[in-house]
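Hello,

Here is the structure you are taking over. Please open it first, then read my notes below.

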Amino acid sequence: MPAPRSTVTDDQPGPDDFIRVRGAREHNLQDVDVDIPRNRIVAFTGVSGSGKSSLAFGTVFAEAQRRFLESVAPYARRLIAQGSTPHVDSITGLPPAVALQQRRGAPSSRSTVGTLTTLSNSMRMLFSRAGTYPAGTERLESDSFSPNTVAGACPRCHGLGIAHEVTEASAVHDPSLSIRDGAITAWPGAWQGKNLRDVTAVLGYDIDVPWRELSRQDRDWLLFTEEQPVVQVHPKRDRVAKPYKGRFWSARQFVMHTLADSQSETQRTKVLQFVESGPCGLCGGTGLTRAALAVTVGGHSIADLNGLPLTALADVLRPIATITDAGAATSRASSGEHTEVAVAISRDLLTRVEVLVGLGLGYLALDRATPTLSPGETQRLRIATQLRSGLFGVVYVLDEPSAGLHPADAESLVEVLDDLRAGGNSVFVVEHDMSIVRRADWIVDVGPGAGSGGGTVLYSGPVDGLAEVEASVTRRFLHPRGRADDERAVRTPVGTLELRDLTLHNLRSLDVDLPLGVLTAVTGVSGSGKSSLVGGVLPGMATSHPLIDRVVQVDQKPIGRTPRSNLATYTGLFDAVRAAFAATDDAKTRGWSASRFSFNVAGGRCEVCQGEGSVSVELLFLPGSWSPCPECHGARYNDETLEVQWNGASIADVLGMTVDQAAPFLESLPAAARGLEALRQVGLGYLRLGQPAPELSGGEAQRIKLATELQRARTGHTLYLLDEPTTGLHPADVELLTAQLARLTDAGNTVVVVEHAMDVVASADHVIDMGPSGGEEGGRVVATGTPVDVAASTTSRTAPYLREQLGR
């Protein structure tokens, strides 16, 4: 809706201080017109799938990016990943924009907190230019302090810090066997293994006696030699095979060659069972050369500083950064810690580290691998990087910056958003956390429902004004009107899982009791040890308890990595749909089975796009892009297959339906109906059945897995472990999810959730609060008991927020 035209005050944007969007039709947006103020913190709200991200990211940011890229030379433009042009009539008053979306790091141990924030670059420069070198050594370039470069990587472990060693115990699993019977398990199987056994026999070794009866010298040579003799092999048991030249490979040579050069992930994984892995003995697990480790700053090597929590790193840098007589030690060639260069680099590092500490990330270390970070931690690291960029007049578009944050950490996030706004920027946040929304200057509420039931801007204005919009689902959570009259009875545990002497990451000799048959919430600030307890220790220790038949971890890992994996195929409901199409008279007449209606199999699929529905288009001097297949126009199937209809719809029509649309359409198919109902119960009614797996968020993937579990016959005695299942959920969807968790618990199961959402914690039967802080200051149980018990704690950082939630 248009912005108000009333008299402008200091707290109100002027008539020319708006981004004016007209005719936005991206995804499910229904020809939206909206005015959004600049230089304000604007919260975009609405249920999951309502269209708020389509407005903030798909329209506003996408158009800003398109305009910027138009100014880039065509040749350079094709090197930049570009999105599609948004479907909108016009946008005026639009400044440049920066998007900070939720992303999961690629599974690479070489990507760390230091590389993500670029702090590693400055750290390497500090050691290169200002480090204290051993007497008589030359200064190293900054690349020599990185394990990811040839100059800096340890020659033994190649910068990974982990060395793989082949030992006799790892290569020979049964020393009672002979070589002919497969004593050297590390050797390959099939023909390649037979070849090595024949070569060994030609070399004069007895391959028919038990391995343990061979001499130590012979065993060591066969397992560890670097020699590769080539001999003439005359097969004795095969009259057809001709003599051939055979090369010998020791067990270690074969394993190391496979790990280093094989392109097959399966083969590399297979040979890992024949090595003993541990910290590299040459570099001490740092991944660096000894020359780099010999250089120090403040008495610490670069590996020492990279391993410190950021709070401790700041303490090391502060004395150098505050030196006022820089240059006093310039004459000392071996040390530059008191030079102007050292002071300048240290000050910059200290400032950037203190921003991260202020965001509640002081427990992280620069060498922490990014795949181990939560989306919320990654988001805050990227926000901190932008905060130091010093940009002015930019629109920052953030995707749920509070995701994965404890309410105490969210307080510091709001301060950062305020700093971005105070720097002359506009801050647009797609947000579900009502505590963040209440602190915004302006709210754009999209809805009222999801998918085709949403796509309308219900309200655009000051936050308090949403209270008058009856159609808004967000309204009752932003402005709660009081608590329910009836309080839920707390369930009684049927037993206890006693966990003793737990040690993992920052958990040290931890003792904790987990009640069985109830819903338990594990809380605590980021880095306090929640995930280490629930995801790391609990699965392995729970299976031995007589009241637990199985353990199910419902995590946020993708349900598939290619577009061929989608919602319908993962849940199994597509099998019932294909069977229904194959049972039609038309399909039977043509002699088609259910496989004809699979887009992954030749026959029914479109062969131009091979069932993907889109094709890659490469353009000279312009970026490659995906466009609908010119043959099937995105349907995935060939015309002949689409001629077969079930209840008036083709198989492509069914894949194009949302879960809410498909539920009444497929209600006559029990297997499909159960799956669809479970998906609706966890708040995923807005997703399309054919929605590709890569387009799903981690939270959506987790809820799809939960829905798949809900369909199964429940026998009780199952332990369900969920890590922040409310991530990305509107409070209305959280209510649906909470009801399903209660349903699982009432069926005789035990449910444990790692959670920051206080409404979920308040509905639990038992709470385990970890802390008191993150990293080394965490890993302990601060409070435990019912929500009321924990809320009364005077030492828990969760208690004040839980008390507030219980009081609503």
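First, a term: a cavity is a set of points, on a 1 Å grid over the protein atoms alone, where a 1.4 Å probe fits but cannot get out. Its volume is the space filled by probe spheres set on the points, which are joined across faces, edges and corners.

The model is predicted: local features need pLDDT of at least 70, side-chain atom pairs count only at pLDDT 80 or more, and totals for chains, interfaces and linings use all residues. Residues are numbered from 1 along each chain as its sequence is written, and side-chain values use heavy atoms, without hydrogens or water.

**Confidence.** pLDDT is the predictor's confidence in each residue, from 0 to 100. Its mean is 87 for the protein, and 91% of the residues reach 70 or more. Over residues 1–10 the pLDDT is below 50. It also stays under 50 over residues 328–334.

**Cavities.** There are five cavities of 30 Å³ or more. Helices (H or I, at least four residues) and strands (E, at least two) are DSSP runs, numbered from the N terminus. α13 (340–358) and α14 (375–387) each give two or more residues to this lining. The largest share, three residues, comes from α14.

**Cores.** Buried means under 20% relative accessible area, exposed over 50%, and partly exposed in between (1.4 Å probe, protein chains only). A nonpolar core joins buried Ala, Val, Leu, Ile, Met, Phe, Trp, Tyr and Cys residues through side-chain atoms within 4.5 Å. The largest core has 73 residues, and Leu666, Leu689 and Leu706 touch the most other members. Helix α20 (residues 573–582) gives the largest share, seven residues. A second, separate core has 70 residues, including Leu100 and Val297.

Contact means heavy atoms within 4.5 Å. Beyond four places in sequence, the contacts of Leu666 include Val577, Trp646 and Leu689.

**Strands.** Strands pair if DSSP finds at least two bridges between them. β1 (residues 18–24) and β2 pair in the antiparallel sense over five bridges. Phenylalanine 18 has proline 37 in β2 as its bridge partner. Five of the six residues of β2 (residues 32–37) are buried.

**Glycine 527.** Where is glycine 527 found? It is in the loop between β16 (519–523) and α18 (530–542). Glycine 527 counts as partly exposed because its relative accessibility is 27%. Its contacts beyond four places in sequence include Tyr363 and Ser773.

Best wishes

How values were computed. On a 1 Å grid over the protein atoms alone, a cavity is a set of points where a 1.4 Å probe fits but cannot get out, and a pocket is an open set with protein on both sides within 12 Å along at least five of seven lines; lining residues have an atom within 4 Å of a point.
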